[in-house]
Amino acid sequence: MNILIFGAGYVGLCTGATLCHLGNNITFYDVDATKILSLQNGKVPIFEPDLTDILQKEYNIQYTAEAKQAIEKAQIIFVCVPTPQNNDGSANLTYLFAAINQIIDANTIGKKIIVIKSTVPIGTNHIIGQMIKNVNYGNELFLASNPEFLREGNAIYDSFNPDRIVIGYKEEFVKDTMLELYDTINCPKICVDNTTAETIKYASNAFLATKISFINMFSQICDKLGGDVNEVANAMGLDSRIGPQFLNAGIGYGGSCFSKDIASLMYTCKHNNINSNILKGTVEINNSQTDHIINKLKMQLGDLNQKNIVILGLTFKPNTDDLRDAPSIKLINELLAQGANVKVHDPVAGISFKNIIPQVKIAEECTRIDHTILTITHDADAIMLVTEWDVYKKLNWERIKCSMRRGLLFDCRNALDAQKMRNLGLEYFGVGI
Ligand code: NAD
Ligand code: UGA
């Protein structure tokens, strides 16, 4: 099938790469002409394992900054544009409606399905349905809701191996075409009305975020009253009704979606007089986790003024260069506000982080990772591991400890072997352990 992807960002590029690999012709369109130019020159603007490989290997891919021609030849148009958060918590649908209007204004002939992949508030597909219906040639444009569940850092794997595919539809022809498109992907296909599809997406993200806040609340309980939150999570997770995933205590969730999707869902609830206090609790616990960790740090270091703190890992999770809503940003801003000197390292996002918080010093890149890290640990009072990149687990921690003024190690992700670190003489602290 001829598929057009509106929006060459995380979701757009991964969706297009996957559908191309499944044998479709893909055209990417983006309003950002610089991004399109860079893609045309073989440069993929995001760091996502396996994405560049697929985009460079597949032949049936085009990139364009001209929408009209691309719309004309497309049978299916995936809308993968941003839906960021407004100040009042609601989702900003400017980009989405701009994309839909562009498709309508192209005034092309022939049947086309517009597939909404962006995460949109419950009821948005209904509005888009009206927009399509209100144009003369409206019967040629059809609508499907196909929310995305990929995780950054695992996006390509998730696209080929999803737990389920959700298809919202009104016309049988739309359902059949979408099922044919995903035919070779082996997973349950949930075909529902558009509103249910939109709701599944919000319910899933809200539940995952709540699960994280739930275990983080217990990490605070363990830190105060004793107990080991890792063992609590492990034993809870063995109950098949609970399941082991998303029970890793840490510095709290970040990323481009959990916070904004929960805010948007809370806005929807508020405007429909629905009690969403469970979500309020999720957000409050997530916000309190950084303060909790800083308090633990201060219990060891006292006043943070002029203390040298090293941060390892800046992205909101490993295997991505995405810094959107990364917990490192809030943590570092707070450390700086309390007078600490902050030096940082991240395997991929150090330089972009400088644009967010210019006061930090970034590790000097050396040929060996251990040497790179040693450029910032000299005279450090504490190291805080904020993103659990694999490279940090394999560092020469003994050597690093010797370079420090005081060997405090705060593992904000419970990612390192506590006993091993203590055996090396480091003063190791985790979250809730
Ligand atoms: P992104 O910011 O990485 O990419 C969006 C792209 O759309 C940008 O390149 C932007 O220039 C482009 N764009 C904006 N307006 C456009 C228009 N009118 N026409 C064409 N292109 C346009 O965003 P993303 O992270 O890929 O997220 C997209 C949507 O998918 C959001 O609704 C998000 O909530 C949802 N989502 C994201 C993820 C994720 O892991 N990032 C996962 C599931 C769902
Ligand atoms: C999340 C969902 O997992 C995806 O299903 C969804 O498609 C996506 O949001 C979206 O809608 O954008 P993502 O944000 O890429 O995916 O990454 P996650 O693996 O969910 O991690 C989110 C945050 O939670 C990270 O900061 C991570 O470190 C944190 N986390 C995750 C924990 O603190 N503990 C855990 O047990 C799991």
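This is a predicted model: local features need pLDDT of at least 70, side-chain atom pairs count only at pLDDT 80 or more; totals for chains, interfaces and linings use all residues.
**Entry 1: the shell of ligand 2**

I began with the residues that surround ligand 2 and found 19 of them. The closest are Phe149, Leu150, Glu152, Lys201 and Cys257. I then sorted the shell by class: ten residues are nonpolar, six are charged and three are polar.

**Entry 2: polar contacts and burial**

Next I looked up the contacts made by oxygen atoms of ligand 2. For Lys201, I noted a polar side-chain atom 2.8 Å from an oxygen atom of the ligand. For Asn205, an N or O atom of the side chain lies 2.8 Å from a ligand oxygen atom. At Leu247 the backbone takes part instead, with an N or O atom 3.4 Å from an oxygen atom of ligand 2. I followed this with the accessible area: ligand 2 taken alone exposes 700 Å², and the protein buries 91% of that.

**Entry 3: Lys270**

Is Lys270 buried or exposed? Its relative accessible area is 65%, and the cut-off for exposed is over 50%, so I recorded Lys270 as exposed. I also checked its separation from Ile100. Lys270 and Ile100 stand 170 residues apart in sequence, and their C-alpha atoms are 27 Å apart in space.

Terms used:
Residues are numbered from 1 along each chain as its sequence is written. Chains are lettered from A and ligands numbered from 1 in the order in which they are written. Side-chain values use heavy atoms; hydrogens and water are left out. A residue is near a molecule or strand if one of its heavy atoms lies within 4 Å of it. A polar contact is a pair of N or O atoms within 3.5 Å; within protein, one must be able to donate a hydrogen and the other to accept it, and residues adjacent in sequence count only if both atoms are side-chain atoms. Accessible areas come from the Shrake-Rupley method with a 1.4 Å probe; for residues, only the protein chains shown count as cover. Ala, Val, Leu, Ile, Met, Phe, Trp, Tyr, Cys and Pro count as nonpolar, Asp, Glu, Lys and Arg as charged, and the others, Gly among them, as polar. Buried means under 20% relative accessible area, exposed over 50%, partly exposed in between (1.4 Å probe, protein chains only).
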